[in-house]
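Please read the points below with the coordinates open beside you. They move through the sheets, then a helix, and end with a single side chain.

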Amino acid sequence: MSRNRVAGAVGLLLAASLSLAACTEAAPPQDEDPNGPVKLSVFAPQGATTDLSTNAFTQQMAEKFGIEFSWETTTWDAGAAAEKRQISLASGDYPDLFLLIPWVDQFKPTELMRLGDQGVVVPLNDLIKEHAPHIQAELDANPEYRAMSTAPDGNIYGLGQWIDCYHCSYPGKLWLNTDWLKKLDLKSPTTTEEFRTVLRAFKTQDPNGNGKADEVPLSSAVGSDILPYFMGSFIAGVNNKSTVVLKDGTVDIQADKEGWREGLRYLHQLMEEGLIDKGALSQNQEALQKLADNPGDVILGGVPTLHPRFFITLEQKDKRDAGYNAIPPLKGPQGLAYASYAVSSTPGATFVLTNKASERDKIAAIKMLDYLFTDQGETEGVFGVEGKDWEKPGPGDKPLVEGVPALYKVLQSPENTAWQPLAQYRNTREYRGGQVVSDDIYTTAGYERRLQEATKLYEGSEDRSLIFPFHSVWVAPENAGELATLQTNIESYIAQSSVQFMTGSKSLDTDWDSYVAGFEGMGLPRYKELLQVSYQDSGPR
């Protein structure tokens, strides 16, 4: 049976099972010997080099909190992990605790509300207040995390990971070959027209010096969208694939506006001149990296993407990777130079207790999670054993962020000594900034500092007044399916139409009006209505 058919069957089984669960009373959890260890069954993904049953951090948590773990594991493959979790829920034989990774699989907000109504997952509010002071402190101090965690009915049905990744929050960066700028005696471009001039020089003036016209001025890949960086020169608020914005409390999109049209016109002109690689709109990351890692001469001029590891191997012998540096947003014809921005935490929950857990299970589990909300707990959980995998900073060690205390210095990758991304809960800017990072930004050891310095070029250029707060908006379960379908259709329509306009298969003069009218058939009015209702119903929490 194909994976799609299996997933469909699992979805039907899950719906039927949970509907039955809503109509029948679950058997009460069986308490263990009050003098013995807490027997906690946990569903979790584990990496290829990790065995959670023998993991050093597992053993530490078992001793510290008196837990006897029973693991049901899956892999870091997102599709397989999600399917196995659904099967576990649908079977009725699910664990006491789900402990997940957001970029692998996690509970969506709508799942939490549905399962909470059905009594399958249990609210954490009282457990947090009574047994988890560090979690409570973070919820009190961080209103965005509180909104992300709290359902409209006031219950916390699960907790997600708060990942305050500074460089991730500005995904639309442009990495330009500054070695070529120096070779051609060009200044770093500050406007869209200056950038066009630079690309023309890259194409025609042989910056790699091999006497061949083999240079690719600009390229990209499907996973490194070309639009977010360049659209900021023509219109504000391009912060997500559906270009949703919130204007004075009203939901709208930017992809049907004149500024979007002019941005596409500029990119079409670059493609028409051969300044953007034809493969930029269709190739995968592997194909893009082959351009950057080309044996012999350097042939790639620049890439719009989150960071260099998306397109080039670091620390190459010829140091070509050090030649790609970020440039700030470019000023467009109307003087606009906006950066794209997105909250880097994913809404939903990775820590979810079920009605199978006894009271002792719940208390031990929430205390364990509370430890992960401390600096010591997170460092041990993510990086491993102190003195082996990481150490406390010494004299002269410099933290990533100036002005915050240095907290930890990573020595090596943990070998089954840490839970790694499973343990990454209170990953605040201050905590991340407390990591000791080398000043040599072009080495692997200094890479985080390189990304931080690059991101400073974009910080403050975003228009936060237009950001739609996807991370804190809860969609009612009865609307979730319809909204997801509409979002997928609209995002696909925008992406496909943008490619057609950029390549010239559609005209921005004669086909634009029909493109805008086409949003009606895509269900845009209903999409905006559902987002508006969800935003208003979520309210302050």
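1. Strand β5, covering residues 174-177, pairs with β9 in the antiparallel sense over four bridges, and within this pairing Asn-177 has Tyr-324 of β9 as its bridge partner. Strands here are DSSP runs of E with at least two residues and helices are runs of H or I with at least four residues, both numbered from the N terminus; two strands count as paired if DSSP finds at least two bridges between them.

2. As to provenance, this is a predicted model, in which local features need pLDDT of at least 70 and side-chain atom pairs count only at pLDDT 80 or more, while totals for chains, interfaces and linings use all residues. Residues are numbered from 1 along each chain as its sequence is written, and side-chain values use heavy atoms, with hydrogens and water left out.

3. The β5-β9 pair belongs to an open sheet of three strands in the order β8-β5-β9, with antiparallel pairing. Because β8 (302-304) and β9 (324-327) each have a single partner strand, they stand at the edges, and one side of each is left without a neighbour in the sheet. Neighbouring strands of this sheet are turned against each other by 25° on average, direction ignored; the axes behind such angles are lines fitted to C-alpha atoms, for helices over the stretch in contact, and angles run from 0 to 180 degrees between N-to-C directions.

4. A second open sheet has four strands in the order β2-β1-β3-β10, and its pairing is mixed. Its edge strands, which pair on one side only, are β2 (67-74) and β10 (351-353), and the twist from one strand to the next averages 20°. Strands β1 (residues 38-45) and β3 (residues 97-99) run parallel and are joined by two bridges, with Leu-97 of β3 as the bridge partner of Val-42. Helix α13 (residues 359-372) packs on this sheet, touching β1, β2, β3 and β10, and its direction makes about 55° with that of β1; contact here means heavy atoms within 4.5 Å.

5. Strands β6 (residues 244-247) and β7 (residues 250-253) run antiparallel and are joined by four bridges. They form a hairpin with two residues between them, and Asp-248 in the turn has a positive phi of about 55°; Lys-247 has Thr-250 of β7 as its bridge partner.

6. Helix α17 (residues 477-503) has 27 residues and reaches 40 Å from its first C-alpha to its last, close to the 39 Å expected at 1.5 Å a residue, where the expected span is 1.5 Å times one less than the number of residues. Its buried residues include Leu-483, Leu-486, Ile-490, Tyr-493 and Phe-501, and what covers the buried residues includes α4 (109-117), α11 (258-272) and α19 (524-538). The helix is followed by Gly-504, whose phi is positive, near 95°.

7. Thr-58 lies in helix α2 (residues 56-65) and counts as buried because its relative accessibility is 4%; buried means under 20% relative accessible area, exposed over 50%, and partly exposed in between, with a 1.4 Å probe and protein chains only. Its side chain reaches the backbone oxygen of Leu-52 at 2.8 Å. Leaving aside neighbours within four places in sequence, Thr-58 is in contact with Leu-52, Phe-69, Trp-71 and Trp-419.

Technical notes:
A polar contact is a pair of N or O atoms within 3.5 Å; within protein, one must be able to donate a hydrogen and the other to accept it, and residues adjacent in sequence count only if both atoms are side-chain atoms.
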